[in-house]
2 protein chains.
Amino acid sequence: MPITANNPNRKSWLDVPQDSDFPIQNIPFGVFITKDDVVTIGTRIGDYAIDLGALQQLNYFEGIELTDDMFMQDTLNDFISDGKKTWRLVRNRIADIFGSENSELRDNKDHRTIIVCHIEDVEMQLPVLIGDYTDFYSSKEHATNVGMMFRDPENALLPNWLHIPVGYHGRSSSIVPSGIPVHRPMGQSLPLGETTPVFGPSRSIDFELEMGFITTDANIMGENIPVHEAEDYIFGMVLLNDWSARDIQKWEYVPLGPFLAKNFATSISPWIVTMDALEPFRIKGPKQNPTPLPYLQQKGKHAYDISLEVSIEPENGEAVVVSNSNFKYMYWSMCQQLAHHTSNGCRVNSGDMMGSGTISGPTSDSFGSMLEITWNGKNPIKMKDGTDRKFINDNDSVTIKGFCKNNEVRIGFGEVCTKLLPPFVRK
Amino acid sequence: MPITANNPNRKSWLDVPQDSDFPIQNIPFGVFITKDDVVTIGTRIGDYAIDLGALQQLNYFEGIELTDDMFMQDTLNDFISDGKKTWRLVRNRIADIFGSENSELRDNKDHRTIIVCHIEDVEMQLPVLIGDYTDFYSSKEHATNVGMMFRDPENALLPNWLHIPVGYHGRSSSIVPSGIPVHRPMGQSLPLGETTPVFGPSRSIDFELEMGFITTDANIMGENIPVHEAEDYIFGMVLLNDWSARDIQKWEYVPLGPFLAKNFATSISPWIVTMDALEPFRIKGPKQNPTPLPYLQQKGKHAYDISLEVSIEPENGEAVVVSNSNFKYMYWSMCQQLAHHTSNGCRVNSGDMMGSGTISGPTSDSFGSMLEITWNGKNPIKMKDGTDRKFINDNDSVTIKGFCKNNEVRIGFGEVCTKLLPPFVRK
């Protein structure tokens, strides 16, 4: 079935600002609360939020097989369960309804009032109930940088790294959407040169520039997903900030991996941009040497050219861009990650999320964490108010943005923006 | 409010076999499918399954504040959300209804037919929807044994171990109840002396003898649970087999911890035994030296005397007991684990599960995994049919049992019994 929603020549009768992340070719999916306090599934065109629950109730999805309340839900899990064919039918239909040639909704003021409102009048929620969250570690530059700082500079990349898309389980309960502030965590760390740990507020809070992908029901327990089929099980992508407490991490992570250093918060952008919308931005990934084992081998274009930017904005201050990276730097593709994850029969469900791992490019201005950008605090960043940043200060806001662009169209993710608050005070 | 359900002198009008794990003093909670294909929450006395949904509909919980469909659900999450006071009221009421002095239900045959059936006529399900699953590593003996084998025998215990209840995130989607067979996973491993990994069926499948505890909603994001309040947020416990593929684990686990070596399957017993029922079996835990940091310090009895046993039964063969251990060996208490887990503000929800980590005692016949019992295959176990076991063979069944006993009462967990099938064959 062709992805007619991607037609680059289509314009919408809704006004779309120049360089918007959300032209009619995007049509992402999210969940929001309307002015009337109703939770619904929706999409976005320009600066308009579109209530898909209302659109369905008013019969605009006629002819597409959907349960009656498919979009009147507080998560996208059921819709994602319906599979790729349904995602494509719905997205194509939405593009049709909002295309400038289609007068049906355009000229029906009553319906428009119910279905369309300004984006500032809705409150974005988490788009899915995330059953399980896995975080990979798939940027070679990032793994090398961290290995140099935390372990052995001579053998920065561990022996398994070039053979396995290394990953670990994250915490679903602490995933929040853009806009929800996060508290600086307390925790144990070992001061330099000491042998006894101390407990207190983390002194090195970091962001990690990542992207996450959302899966559909992929397999039954025991069954694997072959790498060449993996794409069929990926619904779409979000921006992801994997908040990290470096001092806690350093003390706790041997031998079972990061735990409290990560599970205080993970922030994601609220709109899931579909793989269909990202189709024009496929490119070949980096050459893999050594050749991976057969179950991880794939041909063709499985990387995506997605420009990424991170900025830090102090309270009442001016934002400074601290990194410009790109999703194309990932060594392991999402298909390889999903094939590896299920190679042992691990069950993957609708709404599960998998993070890429920190996306670092080859140069220091494209590194994806403060740990790497400041080289563990050795080269602090200058803010516009003259202050330094080795890591993130209380009341700083960290914003990740991302978009794809070619000569015809720009498909963006919006942003994930999060303010770091001082430690929580228990009442 | 007194735990009247624990009265050791109460007898039930339902027949309870001698040495049953489920006398009227237990009253665990679970979820099952009835003969009529209805999913309900239930409890167990002797060999009888009791439909709490039916009990509620027939008004036996009058006077206790419960939503109308509290027990007509397919998970215990909402009931657990209601908190300790409600758990205790319901358990006390059930004990009263089934006490031999109470004729109300006993003498109402119509009601009895609806409410009570034989345990063999129901199909046990997972008792909770587990949002997040954390596995700790809190047996000093186990951590020492593994450190000796996998790392440095001279420094087996890592520097953080005596300061932190070390833990990591597990995979919720692969948790199954007793009785569901598990496939031997495929995976990458590095053959001894080689530098290039291979992919194939794991050659060292192991059990890990653990217990898990189930939490209620404990905090909002950012907030911690003080160690002296932690008990209020623990609903009850289950037996847990943390299936492990040792060859996969050894190759993948540095630096981010176990991943595919664990997430192919975790098996639990279906009945959650409440902390109230375990109250008589509190004892003092091992002395902690060095003294933990203040946020982990606690006084009193926070360990539990729970006898544990693991057996292996070959297909068409005789079971052999391979371990006799006890939950009392745990170095870190459940309260310390929960206080540590939330010390950084990590949100804990109703139905989350936390595993103890492998429970090994001081001697080899009390070790909690084949890795330790056979010392990584050096000392195989003899089965009754003359075959050896270094790890678990295809079509072996592994069973964990557990119970507490004093002069007055025996409170048991039943079992978690799981057959290991050969690798899954994709159709």
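**Interfaces of a predicted two-chain complex**

Between chain B and chain A, 6 salt bridges are counted. The side chain of B:Asp352 pairs with that of A:Arg171 in a salt bridge with an N to O distance of 2.7 Å. A:Arg171 also forms a salt bridge with B:Asp132, where the closest N and O atoms are 3.7 Å apart. This second pair crosses between chains: B:Asp132 is placed in the loop between β5 (123-124) and β6 of chain B, and A:Arg171 in the loop between β7 (167-169) and β8 (175-177) of chain A. In general terms, side chains of opposite charge can pair when their charged atoms come close. Over all chains, the count of salt bridges comes to 42.

The predictor's own scores accompany the model. The complex is assigned an ipTM of 0.97 and a pTM of 0.98. For chain A, the mean pLDDT is 97, with 100% of its residues reaching 70 or more.

The contact between the chains was next described by residues and area. Chain B contributes 63 residues to the contact, and chain A contributes 63 residues. About 5,900 Å² is buried between chain B and chain A, and carbon and sulfur atoms give 61% of this area. On the side of chain B, the residues that lose the most area to chain A are B:His169, B:Arg171 and B:Leu256, which together account for 14% of what that side buries. Polar contacts also link the two chains, with 30 residue pairs counted between chain B and chain A, both residues being at pLDDT 80 or more. Several elements of chain B each supply at least two residues of the side that touches chain A, namely β6 (133-136), β7 (167-169), β10 (186-189), β11 (198-201), α7 (246-252) and α9 (334-341). Of the elements of chain B, β7(B) gives the most to this side, with 3 residues.

The arrangement of the copies was then examined. Two copies of a chain are related by a rotation about an axis and a shift along it.

Chain A is divided into domain 1, covering 4-124, and domain 2, covering 133-421. The centres of domain 1 of chain A and domain 2 of chain A, taken over C-alpha atoms, are separated by 29 Å. Their contact takes 28 residues from domain 1 of chain A and 30 residues from domain 2 of chain A. About 2,300 Å² is buried between domain 1 of chain A and domain 2 of chain A, 57% of it on carbon and sulfur atoms. The two domains of chain A are joined by 4 salt bridges and by 13 residue pairs in polar contact, both residues at pLDDT 80 or more. On the side of domain 1 of chain A that touches domain 2 of chain A, two or more residues are given by each of β1 (30-33), β2 (39-45), α2 (77-81) and α3 (84-98) of chain A. A salt bridge of chain A brings together the side chains of A:Lys84 and A:Asp232, at 3.7 Å from N to O.

Backbone geometry was considered last. Most residues other than glycine have a negative phi, and most peptide bonds are trans. In chain A, a cis peptide bond with omega of about 5° joins A:Asn289 and A:Pro290, and A:Pro290 is placed in the loop between β18 (282-283) and β19 (303-304) of chain A. In chain B, B:Asn289 and B:Pro290 are likewise joined by a cis peptide bond, with omega of about 5°; B:Pro290 lies in the loop between β18 (282-283) and β19 (303-304) of chain B. Positive phi values occur in chain B at B:Asn59, near 75°, and at B:Asn316, about 55°. B:Asn59 is located in the loop between α1 (52-57) and α2 (77-81) of chain B, whereas B:Asn316 is located in the loop between β20 (307-313) and β21 (320-326) of chain B.

Note on methods: Residues numbered from 1 in each chain as written. Chains lettered and ligands numbered in written order. Heavy atoms only, no water. pLDDT = per-residue confidence, 0-100. Domains from an automatic or database assignment. Contact = heavy atoms within 4.5 Å. Buried area = accessible area lost by both parts, 1.4 Å probe. Polar contact = N/O pair within 3.5 Å; in protein donor to acceptor, adjacent residues only side chain to side chain. Helix = DSSP H or I, 4+ residues; strand = E, 2+ residues; numbered from the N terminus.
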